[in-house]
Amino acid sequence: HGAEKTNAEYPAALWDYYSRNRAYDAQYFSAHSGRWLLEFVNRHVPLAGRRVLDFGCGPGFMLEHLLRDDIPCLGLEFSRGSVERLRSRFGTHSRFLGAIEAQGLPVELPDGSVDAILMVEVIEHLLPDDVAPVLREVRRLLVPGRKPRSPPLLPGPRRLRKARRMPPPWRPRKIPSCLHSRRWALTTTTA
């Protein structure tokens, strides 16, 4: 049992559990489709030579792909278990710039500290009141002059229409709508 968790504590507890239970590794989108996703992002927003933050990095599957491509990167995560695992995986890699365990916003990074931010499977998992503050934080962390930009891979129906470009097993009939029900566009979200 233990103390009753608040709504804000449930997500961190869930991701702590997933990060410590290796049986869930294959379920992370970045684990099974990260290589393809990184190629897709690079076609729209080239990452070579940029400092990249993986916001909501989990145990670091996307960071693994970035490091293989020799891209300097760091991870930000609200789950202590994920950050611990991430540090143990990449702590000695020369291009790994660190892992931040966020306790809230703003995070402990200076304004304009990164050139690019990846948010793989993040927005759709945020509580409704957290979306705008997270997007404001993204804007704060980006180098001045860089605007938040997204390749055309967004949650919701637009994503499903683009699914023919996605590798198996991510076809429209296999994406549960309850997991990706938030619809948003950067142009209509104030941050």
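Me: Two strands pair if DSSP finds at least two bridges between them. With that in hand, which residue of strand 4 is the bridge partner of Leu 53?

Reply: This is a predicted model, in which local features need pLDDT of at least 70, side-chain atom pairs count only at pLDDT 80 or more, and totals for chains, interfaces and linings use all residues. Residues are numbered from 1 along each chain as its sequence is written, and side-chain values use heavy atoms, with hydrogens and water left out. Strand 1 and strand 4 run parallel and are joined by 3 bridges. The bridge partner of Leu 53 in strand 4 is Ile 117.

Me: How many helices and strands does the chain have?

Reply: Helices (H or I, at least four residues) and strands (E, at least two) are DSSP runs, numbered from the N terminus. Read from that end, the elements run α-α-β-α-β-α-β-β-α-α. The chain therefore has 6 helices and 4 strands.

Me: In what order do the strands form the sheet?

Reply: The sheet is open and its pairing is parallel. Strand 3 and strand 4 stand at the edges, so each has a single partner strand and one side left without a neighbour in the sheet. From one strand to the next, the twist averages 20°. The order is 3-2-1-4.

Me: Let's look at strand 1. Which of its residues are buried, on one side and on the other?

Reply: Buried means under 20% relative accessible area, exposed over 50%, and partly exposed in between (1.4 Å probe, protein chains only). In a regular strand, side chains alternate between the two faces of the sheet. Strand 1 is covered on both faces: buried on one side are Val 52 and Asp 54, and on the other Leu 53 and Phe 55.

Me: And which residue of strand 2 does Asp 54 stand opposite?

Reply: Strand 1 and strand 2 run parallel, with 4 bridges joining them. In strand 2, the residue opposite Asp 54 is Gly 75.

Me: How many residues of helix 3 are buried?

Reply: Across the chain of 191 residues, 45% count as buried. In helix 3 the buried ones are Phe 61, Met 62, Leu 63, His 65, Leu 66 and Leu 67. Their cover includes helix 2, helix 4 and strands 1, 2, 3 and 4. Helix 3 is largely enclosed by the rest of the structure, because its buried residues number 6 of the 8.

Me: At what angle do helix 2 and helix 3 pack?

Reply: Axes are lines fitted to C-alpha atoms, for helices over the stretch in contact, and angles run from 0 to 180 degrees between N-to-C directions. Helix 2 (residues 29-44) and helix 3 (residues 61-68) have axes 8 Å apart. The angle is about 40°.

Me: Which residues of helix 4 make the contact with helix 3?

Reply: The two axes cross at roughly 25° and come within 11 Å. That makes helix 3 roughly parallel to helix 4. Contact means heavy atoms within 4.5 Å. Helix 3 brings Phe 61, Leu 63, Glu 64 and Leu 67, and helix 4 brings Arg 85, Leu 86, Arg 89 and Phe 90.

Me: Is Arg 85 buried or exposed?

Reply: Arg 85 lies in helix 4. Beyond its neighbours within four places in sequence, Arg 85 is in contact with Ser 19, Arg 22, Asp 25, Pro 59 and Phe 61. With a relative accessible area of 8%, Arg 85 is buried.

Me: What positive phi does Asp 70 have?

Reply: Asp 70 lies in the loop between helix 3 and strand 2. With a relative accessible area of 44%, Asp 70 is partly exposed. Although it is not a glycine, Asp 70 has a positive phi of about 60°.

Me: And what positive phi does Glu 121 have?

Reply: Glu 121 is found in the loop between strand 4 and helix 5 (131-141). At 23% relative accessibility, Glu 121 counts as partly exposed. Glu 121 is not a glycine, yet its phi is positive, at about 55°.

Conventions:
Parallel < 35°, antiparallel > 145°, perpendicular 65-115°, else oblique.
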